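This report sets out computed features of a single protein chain.

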Amino acid sequence: GAAAEVSFTVTNSEIAATDVVLVNHGSGGTAGAYLVQANTLAAGSFAITVTNVTGGSLGEAIVLNYVAFKGSSS
């Protein structure tokens, strides 16, 4: 539905809680219809949240791309 959000966990043993993960809508579906963000970083995993930013219902299969940058806390 409009403004619906869904989150899921990505498991990756190379991810550290101090890393920076960027994610985007790579292909499939309607361009500009989704807001995607990485969050909830932990050792070995992070979450991705996808939000429908349109006024209508969407049920498209979209492809997401992500990259992780090694970080450190100071």
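## Basis and conventions

Secondary-structure elements are DSSP runs numbered from the N terminus, with helices (H or I) of at least four residues and strands (E) of at least two. The model is a predicted one, in which local features need pLDDT of at least 70 and side-chain atom pairs count only at pLDDT 80 or more, while totals for chains, interfaces and linings use all residues. Residues are numbered from 1 along each chain as its sequence is written, and side-chain values use heavy atoms, with hydrogens and water left out.

## Overall fold

The chain contains zero helices and five strands, and the order of its elements from the N terminus is β-β-β-β-β. Along the principal axes, the C-alpha trace spans about 45 × 20 × 20 Å.

Of the 74 residues, 24% are buried; the term buried denotes under 20% relative accessible area, exposed over 50%, and partly exposed the range in between (1.4 Å probe, protein chains only). A contact is defined by heavy atoms within 4.5 Å. Among contacts with a separation of 6 or more, 70% join residues 24 or more positions apart.

## Nonpolar core

A nonpolar core is a set of buried Ala, Val, Leu, Ile, Met, Phe, Trp, Tyr and Cys residues joined through side-chain atoms within 4.5 Å. The largest one has ten residues: Val10, Ile15, Val21, Val23, Ala33, Tyr34, Val36, Phe46, Ile48 and Val50. Two or more of these residues come from each of E2, strand E3 (34-42) and strand E4 (45-52), and E4 gives the most, with three residues.

Val10 belongs to this core. Beyond residues up to four places away in sequence, Val10 touches Gly44, Ser45, Phe46, Ile48 and Tyr66.

## Aromatic pair

Rings of Phe, Tyr and Trp (its six-membered ring) are paired if their centres lie within 6.5 Å; planes under 30 degrees apart are stacked, those over 60 edge-to-face, and the rest tilted. The structure holds one such pair. Phe46 and Tyr66 form it in an edge-to-face arrangement, with 5.1 Å centre to centre and 70° between the planes. Since Phe46 lies in strand E4 and Tyr66 in strand E5, the pair ties together parts that are 20 residues apart in sequence.

The two partners are described by their relative accessible areas: Phe46 is buried at 1%, whereas Tyr66 is partly exposed at 38%.

## Nonpolar surface patch

Patches consist of residues with over 30% relative accessible area and no salt bridge, with like charges joined within 9 Å and nonpolar side chains (Val, Leu, Ile, Met, Phe, Trp, Tyr) within 5 Å. A salt bridge here is a side-chain nitrogen of Lys or Arg within 4 Å of a carboxyl oxygen of Asp or Glu. Val20, Leu22, Val67 and Phe69 make a nonpolar patch of about 350 Å². Strand E2 (20-27) and strand E5 (63-69) each give two or more residues to this patch. Phe69 is located in strand E5 and is partly exposed, because its relative accessibility is 43%.

Val6 is found in strand E1 and is partly exposed at 49% relative accessible area. Its C-alpha atom is separated by 6.6 Å from that of Thr51, 45 residues apart along the chain. Not counting residues up to four places away in sequence, Val6 touches Ile48, Thr49 and Val50.

Ala16 is placed in the loop between E1 and E2 and counts as partly exposed at 27% relative accessibility. The C-alpha atoms of Ala16 and Ala43 are separated by 4.4 Å, although these residues are 27 positions apart along the chain. Apart from neighbours within four places in sequence, Ala16 contacts Leu41, Ala42, Ala43 and Lys70.

## Backbone with positive phi

Most residues other than glycine have a negative phi. Ala3, which is not a glycine, has a positive phi of about 65°. Ala3 lies in the segment before strand E1 (5-11) and is exposed, given its relative accessibility of 57%.

Thr40, likewise not a glycine, has a positive phi of about 55°. Thr40 is situated in strand E3 and is exposed at a relative accessible area of 59%.

Definitions and conventions. Areas by Shrake-Rupley, 256 points an atom, 1.4 Å probe, with all protein chains shown as cover.
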